[in-house]
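Hi there,

Here is the structure I promised to pass on. Have a look at it first, then read my notes below.

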Amino acid sequence: MKSFKSEEEARAAGVYISKVKSFVKREGRLTNAQARAIEVNWPSKGLSIEQGMLNFDEVFGRSAPTVLEIGFGMGKSLVEMAAAAPENNFIGIEVHRPGVGACLADAEEAGVENLRVFEHDAVEVLAQSVADNSLHRLQLYFPDPWHKTRHHKRRIVQPDFVQKIRSKLAIGGTFHMATDWEPYAEHMMDVMTQAEGFENTSSEGANGFVPRPEYRPITKFEVRGQKLGHGVWDIIFKRVS
């Protein structure tokens, strides 16, 4: 392949230069049910960065607190949360297409209408589609812990990312993380305690974890882990400035 002196030169030649993403794309085969769910439900529940900066009141046809989840997997817990809290708007971001299809299928079956989804990179969605001070809560549950030391820089919870989240949360809004990997929980806590504009909501103090809140459903994965003696750590910080 021809080498280019700059990204601009490559773009002019019609060559796309890959940038660092908040995820590693996992391709997977769609089931017929997932493909159908996307085809049927995307017009009403799908969102795209091509729509530009979103007005959530217009997206949902009402004014309500908006919760955004990054990396919802197959979407079961997200649909469950949306069904249990009809007074809130929910937006999910996931790059794994079968997960998007499964989420939309479950939402259709449950009759959930207060949910919208992106199939896109979360960093780009936050930058291009989510207005500042617009989120009630941002959820990041069980992100890839990137176990190897040389891969720690790939972890999504980093100081610059946290400040991007801060700008999108309303004052008093919360950033809720959960992980089953204790070293990553410690990393998250270290990043958050040093982050400007945030305060830990834990009753245990600045470095304290919190019990799993009722609004976060416990997954089969968690139940299985608990039986094996594995822990899960929840961290909730509030934007204070």
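F142 is not a glycine, yet its phi is positive, about 55 degrees. You'll find F142 in the loop between β5 and α7. (Helices are DSSP runs of H or I with at least four residues, strands are runs of E with at least two, and both are numbered from the N terminus.)

N133 sits in the loop between α6 (122-129) and β5, and with 46% relative accessibility it counts as partly exposed.

Before you go on, keep in mind that this is a predicted model, where local features need pLDDT of at least 70 and side-chain atom pairs count only at pLDDT 80 or more, while totals for chains, interfaces and linings use all residues. Residues are numbered from 1 along each chain as its sequence is written, and side-chain values use heavy atoms, with hydrogens and water left out.

Now the sheet. Eight strands make an open sheet in the order β1-β4-β3-β2-β5-β6-β8-β7, with mixed pairing (two strands pair if DSSP finds at least two bridges between them). β1 (46-47) and β7 (198-200) are at the edges with a single partner strand each, so one side of each has no neighbour in the sheet. Strands β5 (residues 135-141) and β6 (residues 169-179) run parallel, joined by six bridges. Across that pair, L138 stands opposite F175 in β6.

Helix α4 (residues 76-84) packs on the sheet, touching β2 (66-70), β3 (89-93), β4 (115-118) and β5; contact means heavy atoms within 4.5 Å.

What about the inside? The largest nonpolar core has 35 residues, and I70, L138, V157 and F175 have the most contacts inside it. (Such a core is a set of buried Ala, Val, Leu, Ile, Met, Phe, Trp, Tyr and Cys residues joined through side-chain atoms within 4.5 Å.) Helix α8 (residues 182-193) gives the most to this core, with five residues. Leaving out residues up to four places away in sequence, V157 touches L140, V162, M177, Y184, H187, M188 and V191. Another core, of 19 residues, lies apart from that one, and its members include I38, A82, C103 and L104.

Cheers!

Note on methods
Axes fitted to C-alpha atoms, helices over the stretch in contact; angles between N-to-C directions. Buried < 20%, exposed > 50% of the residue type's maximum accessible area, 1.4 Å probe, protein only.
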